[in-house]
Every structure is written in C-alpha cells, then in structure tokens.
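Here is a briefing on one protein chain. Keep the sequence and the coordinates open while reading.

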Amino acid sequence: MNQKWLHWLPIGLLLAVVLFGYSFTVDTAFDAWKQQFRQVAIAEGIHVETVDNALRGLLPDSKVLRLEAHQPEFTKTVWEYLETAASPERIAKGQSLLHDYAPLLTQIHAKYGVQPEYLLAVWGLESNFGNHTGRYGIVRSLATLAYAGEVERRDFWQKQLLATLRILQQGDMPPVSMQGSWAGAIGHTQFIPTTFESYAVDFDGDGRRDLVNSIPDALASTANYLASSGWERDQPWGFEVRLPANFDWSQADVDFWLPLNIWGKIAGVTAVNGQALDSSTSNAFVLLPAGYRGPAFLALRNFDAILKYNNAQNYALAVGYLGDRIQGKPPLLATWPTEELPLSHDQKSELQALLTSAGYSTDGVDGKLGPNTRSALRRWQQEAGFPADGYATLQQLDVLRQRIAASTPR
C-alpha cells in the first residue's frame with residue numbers, strides 16, 4: 001500500500017481549515033449585512049416577503065468585485081472605439097431593424113420625438129441589439145457591491161438594490177428575467193434600476209414595464225429617457241465640420257457654446273465639405289475627440305442628452321455616428337491620427353502629477369482626464385507652444401517630463 005498520501009495530510013488539513021475559516025468569516029459578515037439591509041428595505045416600504053425572497057440563500061459574487069476593481073492599463077482610442085461601435089455589420093443590422101420595426105419606431109418617434117436611427121444606435125451599443133444583455137443576477141450583483149464594493153459607492157449600489165426590489169414588488173419583470181450586467185444594468189438598452197423606475201414605460205400595453213422581454217417597452221423607455229434629458233425633437237446630435245487655420249483652439253471646449261450662425265460668421269467654421277453653415281441660432285460647441293489633428297464636430301443639445309445616458313464623450317459620439325450611418329449618411333471625411341498611442345492609466349496619472357508640479361493644478365491625481373485635467377492641460381499647452389486643444393499625447397507627456405527634470409535641482 002502506498003503511504004505517500006500520509007505525508008500531505010497535515011498540509012491538506014491545514015488548507016481545509018483555512019478555507020473553511022475564510023468562508024465562514026465571509027458568510028457570517030455577509031449574513032450580518034443582509035440582516036441590516038433587510039431592516040433598511042422594510043423601512044423603505046418594501047414588503048417583507050419581497051425582501052426575504054430576494055435575500056434567501058444569497059451569497060456574494062467575487063467575480064463582480066474583481067470586475068469593479070479592474071482598471072484596464074490601456075483604453076481604446078476613439079477611432080478604435082468607433083470602428084467597433086459603427087462596424088459595417090452593426091450598421092447593416094441597424095438598417096435591417098429599421099425596416100423590420102418601422103411601425104413601432106414610427107409610433108415611438110411620434111410620441112417622444114427621438115429619431116428611430118438613434119434609438120437603434122443606443123440599442124446596438126448597449127447590447128448589440130439584444131444579443132448581449134448580461135447574465136449576472138441583478139440582485140446578487142448589487143447586493144455584492146453594496147456589501148463589499150468600493151466604499152465611496154456602496155450607498156449608490158444600495159439605492160440600486162432597493163430600486164430592484166421595488167421593481168420586483170411591482171411585478172414589472174419576473175425574478176427570472178432580472179439578469180443583466182455585473183453592475184446591475186437591465187435589458188436591451190441597459191437601464192440601471194433607478195433609471196428604470198424613473199423612465200421605463202409600458203409601451204406594449206400589457207400592464208408591465210419589461211425591458212428584457214419587450215422590445216417595444218425597451219425602445220420606448222429609451223426614447224422617454226432621452227426626451228426627458230433634453231432631446232430636441234428631430235434635431236441632429238451634431239455634425240462634422242472644418243475649422244479654419246487660425247482657429248482659437250481654446251474655444252474647443254464643452255463649456256464654450258455659441259449659436260451655429262456665430263460659429264460660421266465670426267469663427268470661420270464651415271461644413272466639412274467647405275460650404276457655409278446654415279443661419280440657425282441653435283447652440284453648439286466644438287468637439288475634438290482626438291485633438292486638433294483629428295476630425296472636428298459641432299455638437300448640439302442632443303449630444304448632451306446622449307451624455308445623460310452615458311457620461312462619456314466617446315459613447316455619445318458613437319451613438320450619434322452610428323445613428324447617422326444607419327440613416328444612410330456617409331462616413332467621416334477627416335482622418336484620425338492613427339499613429340498616436342493612447343496614454344495608459346498610469347501615464348495619465350503621471351501627466352496629472354507633472355502638470356500639478358509645473359503649476360497647473362488638476363485638482364487631484366486619479367488617472368482620468370476629466371474637465372479639471374483638460375483645463376490644466378490647455379493652460380500648459382498654450383504656454384508651451386502646443387495647440388491648446390486639451391488632448392493629451394505621449395509627446396506632450398515626454399516634454400513635461402523633460403521640463404520638470406530640467407527644473408529640478410540636482
């Protein structure tokens with residue numbers, strides 16, 4: 001008889017004890033959290049039966065926590081993102097659905113004023129037209145995040161979980177349908193639960209707001225959300241333009257809005273084909289998603305409405321551009337600076353630290369190029385002799401490194 005297994009018995013027992021102890025600790029802490037949350041939910045008016053059914057046997061999902069903590073080292077460039085978002089296949093699918101759902105889309109358009117092509121663009125980007133709505137249990141994901149997610153966001157996740165229980169209690173969707181993204185987004189167009197509560201509509205008339213099993217409900221709810229966010233009926237989101245050689249790059253800012261006729265007459269902006277802009281007094285801002293070397297756009301109020309859906313300029317641009325392509329409009333005329341490599345998260349953090357060190361405060365270092373960082377970068381670019389477009393490049397990061405190093409006493 002081979003006795004070698006006896007040699008490993010102590011290690012095996014030790015490992016089992018450690019794993020059991022860890023599991024027991026996690027389960028005990030999570031059970032305590034569930035009891036505390038149960039009291040909160042009941043105090044919020046959610047029925048005891050609804051709460052207990054949702055929490056019974058519930059365990060945290062470690063994969064959800066890993067996804068929340070994951071910070072990709074590199075992000076896609078805007079042109080890589082658009083290439084995927086508005087791929088030929090997705091454009092063709094959108095055009096096919098535009099035909100297939102024409103009566104429904106006409107009804108939604110009549111009620112909410114959102115052009116069908118842009119609803120389809122949101123649908124395509126959020127779930128690839130319903131093919132990828134997510135397989136995570138919404139209750140489990142949100143409970144996990146409210147229990148052990150990033151501390152500063154736990155209140156947010158708890159609000160989403162409470163909203164989920166109210167949705168279940170109201171009977172809008174059965175528990176089996178409450179699956180979605182790891183962050184709790186639901187259905188064809190990925191509403192978070194509080195957005196669902198505020199903007200989801202019953203468009204098919206069955207008495208329920210079901211964003212998973214009812215395409216009419218999902219698309220009409222999206223239109224309602226955009227309309228409630230300021231969508232201007234039948235207006236464009238924006239369009240590609242050509243900027244004059246002497247353009248003041250500091251005017252290319254999300255906070256710098258002018259009427260279209262002023263952009264044309266005073267600032268010298270033209271349509272991308274060189275024709276004069278129309279005499280509209282609609283307000284717009286200049287959008288340079290890849291800096292002064294890439295395509296330029298005038299973005300209108302509907303661009304802002306898309307940002308309410310997802311507060312990322314690349315996303316809003318992708319919705320607008322995909323919608324345009326589904327509508328049959330041509331691709332962009334200007335080219336992207338494809339030789340540019342994107343800054344990594346660490347490089348963005350370094351850029352913020354260097355700008356602050358050079359006297360251009362970014363109000364913190366978080367690896368995200370938000371409004372404060374872009375404003376600081378613009379000020380530095382202007383003084384350093386670069387076009388002040390607020391777009392960070394590796395070349396500029398290198399220049400900053402060199403200047404800081406040169407000014408540091410040895």
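In which helix do Lys34 and Asp31 both lie? Both are in helix H1 (residues 5–43), three residues apart, about one turn of the helix. Helices (H or I, at least four residues) and strands (E, at least two) are DSSP runs, numbered from the N terminus.

This is a predicted model: local features need pLDDT of at least 70, side-chain atom pairs count only at pLDDT 80 or more, and totals for chains, interfaces and linings use all residues. Residues are numbered from 1 along each chain as its sequence is written, and side-chain values use heavy atoms, with hydrogens and water left out.

**Salt bridges**

- A salt bridge is a side-chain nitrogen of Lys or Arg within 4 Å of a carboxyl oxygen of Asp or Glu. The count by this rule is 14.
- Lys34 and Asp31 form one of them, at 3.8 Å, N to O.
- Buried means under 20% relative accessible area, exposed over 50%, partly exposed in between (1.4 Å probe, protein chains only). Lys34 counts as buried at 11%, and Asp31 as partly exposed at 40%.
- Arg38 and Asp52 meet at 2.7 Å, N to O. Arg38 lies in helix H1 and Asp52 in helix H2 (residues 48–55), so this pair ties together parts 14 residues apart in sequence.
- Asp253 and Arg378 meet at 3.4 Å, N to O. The pair links distant parts of the chain, 125 residues apart: Asp253 sits in the loop between strands S3 (238–242) and S4 (258–259), Arg378 in helix H16 (residues 371–384).
- Asp206, Arg208 and Asp210 are linked in a salt-bridge network.

**Nonpolar cores**

- A nonpolar core is a set of buried Ala, Val, Leu, Ile, Met, Phe, Trp, Tyr and Cys residues joined through side-chain atoms within 4.5 Å.
- The largest core has 78 residues; Trp33, Phe37, Ile108, Leu165, Phe303 and Leu317 touch the most other members. Helix H14 (residues 313–327) gives the most to this core, eight residues.
- A second, separate core of 16 residues includes Trp249, Ala252, Val269 and Val286.

- An automatic or database domain assignment gives domain 1 (29–71 + 133–208) and domain 2 (345–407). Their C-alpha centres lie 39 Å apart.
- Leu355 is in helix H15 (residues 345–357) and is buried at 0% relative accessibility.
- Contact means heavy atoms within 4.5 Å. Not counting residues up to four places away in sequence, Leu355 touches residues including Tyr360, Trp380 and Leu400.
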